[in-house]
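My notes follow the display.

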Amino acid sequence: MPGVPKTKVGKKAAAHPSYNDMVKEAIKATAKPVKGSSRPAITKYLQAKYGKELGKGFAASLRLALKRLTAAKKLVQTKGSFRLGKEEKKPKKKKAKKAKKPKKAKKPKKAKKPK
């Protein structure tokens, strides 16, 4: 039937967050301060947390997400491990400096009367 338009079947929305968000979460959870997290550590964390939701193309999607984040300098690669880039770390909250109150003008002291 040439006159009948085909109905499009849309993809189901993923039950997990985006790979970029998942990778950042995994690195925060498993990273060592200096070395960061290795790809196997990230994989293990994500599979434990999201399991079957990840699907068949998990390894390829993870590899591409790591490449993308590294290229955007949101991740830093150090000898096979990954850690968050400088801009991804949450800046520490600086305490707001209290406005200094202007000092009251000192009243001139009265000269002591000699006795």
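Is K73 buried or exposed? I read a relative accessibility of 63% for K73, which therefore counts as exposed (buried is under 20% relative accessible area, exposed over 50%, partly exposed in between, with a 1.4 Å probe and protein chains only).

Notes on the source: this is a predicted model, in which local features need pLDDT of at least 70, side-chain atom pairs count only at pLDDT 80 or more, and totals for chains, interfaces and linings use all residues. Residues are numbered from 1 along each chain as its sequence is written, and side-chain values use heavy atoms, with hydrogens and water left out.

I placed K73 in the loop between α3 and β2 (75–78) (helices are DSSP runs of H or I with at least four residues, strands runs of E with at least two, numbered from the N terminus). Its phi is positive, near 60 degrees, in a residue other than glycine.

I then checked K79, in the loop between β2 and β3. K79 is not a glycine either, yet has a positive phi of about 50 degrees. Its relative accessible area is 88%, so K79 is exposed.

Next I looked up α2, residues 39–50. I found I42, T43, L46 and Y50 buried in α2. They lie on the same side of α2 because they cover an arc of only 100 degrees around the axis (taken from the directions from the helix axis to the C-beta atoms). On the face turned away from that buried side I noted the exposed residues P40, K44 and A48. After α2 comes G51, with a positive phi near 50 degrees.

Conventions:
The expected span of a helix is 1.5 Å times one less than its number of residues.
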